[in-house]
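I opened this notebook to record what I looked up in the structure, entry by entry. I began with charged side chains and then turned to the strands and the helix.

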Amino acid sequence: MDLYGLDWTIEGSASDTETMGPQYPATLLEHLKEIRDTDGGFVYDSPDSLAVTFRTRVDLYSQTPAIELTPPGPAVTRQTPGLPVSRP
């Protein structure tokens, strides 16, 4: 991003990302898409500054859930096809 004069940040560890090859002449948008596609993370504008943020794929997988949902009632189990479903 230094090439375009943009500030940037990484959420996660840069050592967890995929190594990229040489950068060929392209637009900013094409470079951002290449970064996203190579690692599988997210590229977005920072909400609190004029910067581009990259969130790594590994950081996405290892995040703490914001909410955990438990369905009401008895636990749902998978039935074998063809067998009758027993109801209480």
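**Entry 1: salt bridges.** I count a salt bridge where a side-chain nitrogen of Lys or Arg is within 4 Å of a carboxyl oxygen of Asp or Glu. I note at the start that the model is predicted. How many salt bridges does a search of the whole structure find? The search returns three.

I looked up Glu 11 and found a salt bridge with Arg 55, with 3.7 Å between the closest N and O atoms. Glu 11 belongs to strand β1 (residues 7-11) and Arg 55 to strand β3, so this pair ties together parts that are 44 residues apart in sequence. Arg 55 also forms a salt bridge with Asp 59, where the closest N and O atoms are 2.8 Å apart. Through shared partners, Glu 11, Arg 55 and Asp 59 are joined into one network of salt bridges.

I then looked up the accessibility of the three members. Is Arg 55 buried or exposed? Arg 55 has a relative accessible area of 17%, and the cut-off for buried is under 20%, so I record Arg 55 as buried. Glu 11 is partly exposed at 31% relative accessibility, and Asp 59 is partly exposed at 22%.

**Entry 2: the salt bridge of Arg 36 and Asp 37.** The side chains of these residues meet in a salt bridge, at 2.9 Å from N to O. I record Arg 36 as partly exposed, with a relative accessible area of 35%. Asp 37 has 53% relative accessibility and counts as exposed.

**Entry 3: the sheet.** In what order do the strands of the open sheet lie? I read the order of the three strands as β1-β3-β2, with mixed pairing. Strands β1 and β2 stand at the edges and have a single partner strand each, so one side of each is left without a neighbour in the sheet. On average, neighbouring strands of this sheet are turned by 20° against each other, direction ignored.

I looked up the two pairings in turn. Strands of a sheet pair through backbone hydrogen bonds, either parallel or antiparallel. Strands β1 and β3 pair in the parallel sense, over five bridges. Here Glu 11 stands opposite Arg 55 in β3, and these residues also form a salt bridge.

Strand β2 (residues 42-45) and strand β3 (residues 51-55) pair in the antiparallel sense, over four bridges. Which residue in β3 is the bridge partner of Tyr 44? I found Thr 53 as the partner. A hairpin of five residues joins β2 to β3.

Entry 4: I looked up how α1 lies against the strands. Helix α1 packs on the sheet, where it touches β2 and β3. The direction of α1 makes about 15° with that of β3.

Within helix α1 (residues 28-39) I looked up His 31. His 31 counts as buried, at 4% relative accessibility. Which residues does His 31 touch, not counting those up to four places away in sequence? I list Leu 3, Tyr 4, Gln 23, Tyr 24 and Ala 26.

Conventions
Residues numbered from 1 in each chain as written. Predicted model: local features only at pLDDT ≥ 70, side-chain atom pairs only at ≥ 80, totals over all residues. Heavy atoms only, no water. Pairing = 2+ DSSP bridges. Helix = DSSP H or I, 4+ residues; strand = E, 2+ residues; numbered from the N terminus. Buried < 20%, exposed > 50% of the residue type's maximum accessible area, 1.4 Å probe, protein only. Contact = heavy atoms within 4.5 Å. Axes fitted to C-alpha atoms, helices over the stretch in contact; angles between N-to-C directions.
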